[in-house]
Amino acid sequence: MTADRRLARELASSAGELLVRLRSTSGLSGKALGKEGDARSNALLLEILARERPGDLVLSEESTDDKRRLDADRVWIVDPVDGTREYGTEGRVDWAVHVALWSADADLIAGAVALPALGIVYTDDYPPAVPGGDSSNCPKDRAPRIVVSASRPPLFSDAVAQALGGDVLPMGSAGAKAMAVVRGEADAYVHAGGQYEWDSAAPVAVARAKGLWCGRIDGSPLRYNQDDTYLPDVIICRPELTEKILSVTTAHSPAGA
């Protein structure tokens, strides 16, 4: 594991532990808990990064955008609490912490997604778990599962499910949905309801390392550390399902509409 990957894992893990403690001891709930969790997790991530990587820039959902990052060689892209609504809801486990490192030379070079309520941290340093294009690795005992936002499912969710002969499964945060695909509990994550770079950077880094296909709904690549951080759609899926999914989603992209 590289030093950057180790740090990404430590950052996601430490923030996750803080959030679990806060959730169990603060007496807060709902939006108040979500707001406090966002603030404390962000402060911890920024503090550690300032100490461990003082020359790097940071793009965080919870901080003012420092445009110096556009000329930087390395930028950490973080989401202190991905799925704030789920975090603030007692009993929900589908929330996450995202930490990714972007390089001007090599795009995403490290990523970690913590699912703190489950005590799990996924990183991008493991060998691919899904051989590219090998449908023999697809589970045989169930229909494909397509995870989508519980609050903002794409209009074409049912059409994707029909194309795959599968089922739609609503779920919470982007990180939770992406890691469901990484674990093999789902086969595709499709989103088109609006996101930002911090919503997908770390999940995509981890998913790519597992051999999953990651891109936009029109098939174009996901680009990070852009001036406009709005990155409204994403697909993370088993590679052998890509063509069928894109046959549906491309028509719903701005370019295909």
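View 1. Angles run from 0 to 180 degrees between N-to-C directions, with axes fitted to C-alpha atoms, for helices over the stretch in contact; contact means heavy atoms within 4.5 Å. Helices (H or I, at least four residues) and strands (E, at least two) are DSSP runs numbered from the N terminus. The model is predicted: local features need pLDDT of at least 70, side-chain atom pairs count only at pLDDT 80 or more, and totals for chains, interfaces and linings use all residues. Residues are numbered from 1 along each chain as its sequence is written, and side-chain values use heavy atoms, with hydrogens and water left out.

View 2. Two strands pair if DSSP finds at least two bridges between them. Strands β1 and β2 pair in the parallel sense, over 4 bridges. Ser60 has Val78 of β2 as its bridge partner.

**View 3. A second open sheet has the order β7-β6-β8-β10-β9.** Its 5 strands show mixed pairing. Strands β7 (167–171) and β9 are the edges; each has a single partner strand, so one side of each is left without a neighbour in the sheet. Neighbouring strands here are turned by 20 degrees on average, direction ignored. Strand β6 (residues 145–149) pairs with β7 in the parallel sense over 5 bridges. In that pair, Val148 is bridged to Pro170 of β7.

**View 4. Strand β10 is covered on both faces.** This strand spans residues 234–237. Val234 and Ile236 are buried on one side, Ile235 and Cys237 on the other. Buried means under 20% relative accessible area, exposed over 50%, partly exposed in between (1.4 Å probe, protein chains only). Strand β8 runs antiparallel to β10, joined by 4 bridges. Tyr189 has Ile236 as its bridge partner. Strand β9 (residues 213–215) also pairs with β10 in the antiparallel sense, over 3 bridges. There, Trp213 is bridged to Cys237. Helix α6 lies across β9 and β10, at about 30 degrees to β10. Helix α7 (residues 242–249) packs on the sheet and touches β8, β9 and β10, its direction making about 155 degrees with that of β10.

**View 5. The largest pocket has 24 lining residues.** A pocket is an open set of 1 Å grid points, over the protein atoms alone, where a 1.4 Å probe fits and protein lies on both sides within 12 Å along at least five of seven lines; lining residues have an atom within 4 Å of a point. Gly83, Thr84, Arg85, Arg152 and Asp199 lie nearest the pocket's centre. Elements β2 (74–82), α3 (84–87), α5 (174–183), β8 (188–191) and α6 (197–209) each give at least two lining residues.

**View 6. Trp95 sits in the loop between α3 and β3.** Its relative accessibility is 0%, so Trp95 counts as buried. Its C-alpha atom is 26 Å from that of Ala3, which is 92 residues away along the chain.
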